[in-house]
Amino acid sequence: MLRTSNYTIYVDLPDEPDNMLLVHGYSGAYDKVSRRVATYVRHCQNGPIPKPLYGDWSPEPEQDGEVAEPSEAALETLKKRGYLTDLGPEDEAQRFENMVGKLHHLQSQMMPGYIVMPTYSCNLRCSYCFQDHMRTNPSFRHLLRTMTPEMVDRIFGAMPEIERLHGIEDVSKIPRKFTLFGGEPLLAETRSIVEYFMDKAFSFGPAQFSAVSNATDLHHFAALLGPEKIAAIQITLDGPPEEHDRRRIYADGAGSFDRISQNITMALELGVQINVRMNVDRNNIDQLPELAETMIARGWPEHPNFSAYTAAIHANNDKTDKKTTFSSWILVQELDKLREKHESMKVISRPDDGLIDRVRGIFDSRMGAVTNLKASFCGAHNKMYIFDALGDVYACWEKTGDKSIRIAAIDEESKMTWNDELNGIWRARTVTSNPVCKNCRYSLYCGGGCAVLAELKSGNLNTNFCDGFQQRLRAAVAEAYTDHLSRQPLPSSVEQACDV
Ligand code: SF4
Ligand code: SF4
């Protein structure tokens, strides 16, 4: 007997109230159907829709209209495309689990991504920083050392062992990718070790460097910046000068906007790709138009290498009041309102522009649609390694600086000593690691949400953290589809078959 696949997604199309888009959560299929057909498909849902244990589902679009069976031909197409299935719920869950297992293996067997922390130290004291305790609590002072050349040698000595785990034997042709992270990685006092690290990397073969930096000391790094050196930097500005200087302050309370701003201009002129990030909550969102105007006045958006985007601040330390924070979905809506009122806001991307780009893959090539699917949320679950100045190795950059949660340590001979249990916990988290994500129709587009935020919310890393993803995906699919149609009108087979 035919039933609705657990992974059928229904998307409202704002300009087409009589139609809906069906997207299949693991086959990559999509089809525009009449609401009447969508109503029939929803009617075939067998049993209650699974709910998350923690966090909220966004409401699904309403099932509306009378239930009428479509033609035989339409039914056959709906089955062929996966929206209706004759697999029982358990058999379908097993098929899904097998597919996720294969996808996760494939996504793990790639060149690892390396995050390098030359120090946990930082010259700023932002109140919302997740590493705030390292600088303010003296019991963490031991972490504030700078990486030594000897430690750099140890790290490079350990990389082949790591790469073999990912099926990589020869690095002479595949570029190693490094992101410099901290603390603040680009401080005047880390300049020489960063240069030593980069020289060492290039001596083994191709390498690519990027950084996450506050950019206050970037002027000391001018000779290390450029398309073939540190090619991309993510820099945070938290508002126009006055607001930024209230939030991103030096230890003596002084503001940092002017210095950062000069360094952004310098780096753009050196050909570095600059990504300005704005951490946004309810206290500073209204100041974004003024910041956009500040960026325009400085001429940054005219550089092809410049982009700016927003990210929701999450309450991940006790100095951040949860009531002042947004979920990513609410932030998208607030930004859309600001865009309607302020032309200048166009220079700031919305948080989900990247998601829209990713879901474009559903429409741009039917064969390629599954390449956009994610067995897990981020590199912490497959191939990311974070090295710190103490020789400790972590899976997630928010979970660093505590030996008890490291996944490995590098000894003086460059041998890796693994914490198999913790490494297993991090690397095995996929969308099938908890029952909520496993039954979620959106899971292969979402990946299961950030593990750290899930743990903060529920006390367990292997739970879901939805962050409004269901609404965000449906909105992103609708926008990408509308855009796709404007470039390439393409009636779907179901739409034709369902003309009943
Ligand atoms: S896959 Fe994503 S949207 Fe679905 S339940 Fe898990 S965290 Fe939520
Ligand atoms: S688990 Fe969350 S915090 Fe950690 S790297 Fe992934 S997305 Fe970032």
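Trainee: Over which residues does pLDDT stay under 50?

Mentor: pLDDT is the predictor's confidence in each residue, from 0 to 100. Where pLDDT is low, the predicted coordinates should not be read in detail. Here the score stays under 50 over residues 491-500, for which the model has 26 contacts beyond four places in sequence; two residues are in contact if their C-beta atoms, placed from the backbone, lie within 7 Å. This is a predicted model, in which local features need pLDDT of at least 70, side-chain atom pairs count only at pLDDT 80 or more, and totals for chains, interfaces and linings use all residues. Residues are numbered from 1 along each chain as its sequence is written, while chains are lettered from A and ligands numbered from 1 in the order in which they are written.

Trainee: What pLDDT does the protein average?

Mentor: The average is 89, and 92% of the residues score at least 70.

Trainee: How many helices and strands are there in the protein?

Mentor: Helices (H or I, at least four residues) and strands (E, at least two) are DSSP runs, numbered from the N terminus. The protein has 17 helices and 15 strands. Its radius of gyration, taken over C-alpha atoms, is 24 Å, close to the 23 Å from the globule rule for 500 residues, so the protein is as compact as a globular protein of that length. The rule is 2.2 Å times the number of residues to the power 0.38. The C-alpha trace spans about 70 × 55 × 40 Å along its principal axes. Of the contacts with a separation of 6 or more, 72% join residues 24 or more positions apart.

Trainee: Does I264 count as buried or exposed?

Mentor: A residue is buried if 20 or more other C-beta atoms, placed from the backbone, lie within 10 Å of its own, exposed if 12 or fewer, and partly exposed in between. I264, in helix α8 (residues 257-269), counts as buried because it has 23 C-beta neighbours inside 10 Å. Leaving aside neighbours within four places in sequence, I264 is in contact with A215, I235, I274 and W300. By contrast, L338 in helix α10 (residues 328-341) has 18 such neighbours and therefore counts as partly exposed. With the same exclusion of four places in sequence, L338 is in contact with L288, P289 and M345. Buried residues make up 41% of the 500 residues.

Trainee: Which domains does the domain assignment of the protein give?

Mentor: Domain bounds come from an automatic or database domain assignment. Here it gives domain 1 (3-104 + 466-497) and domain 2 (113-372). The contact takes 13 residues from domain 1 and 14 residues from domain 2. On the domain 1 side, α16 gives the most, with eight residues. That side divides into six nonpolar, four polar and three charged residues. Ala, Val, Leu, Ile, Met, Phe, Trp, Tyr, Cys and Pro count as nonpolar, Asp, Glu, Lys and Arg as charged, and the others, Gly among them, as polar. The C-alpha centres of the two domains lie 36 Å apart.

Trainee: How many residues surround ligand 1, and which are the closest?

Mentor: A residue is near a molecule if its C-beta atom, placed from the backbone, lies within 6 Å of it. Ligand 1 is surrounded by 15 residues, the closest being C437, C440, C446, G449 and C466. α13 (435-438), α14 (443-446) and α16 (469-487) each supply at least two residues of this shell. By class, the shell holds 10 nonpolar, five polar and no charged residues.

Trainee: Which residues are around ligand 2?

Mentor: They are F377, C378, A380, C396, W397, E398, C450, A451 and V452. Eight are nonpolar, none is polar and one is charged.
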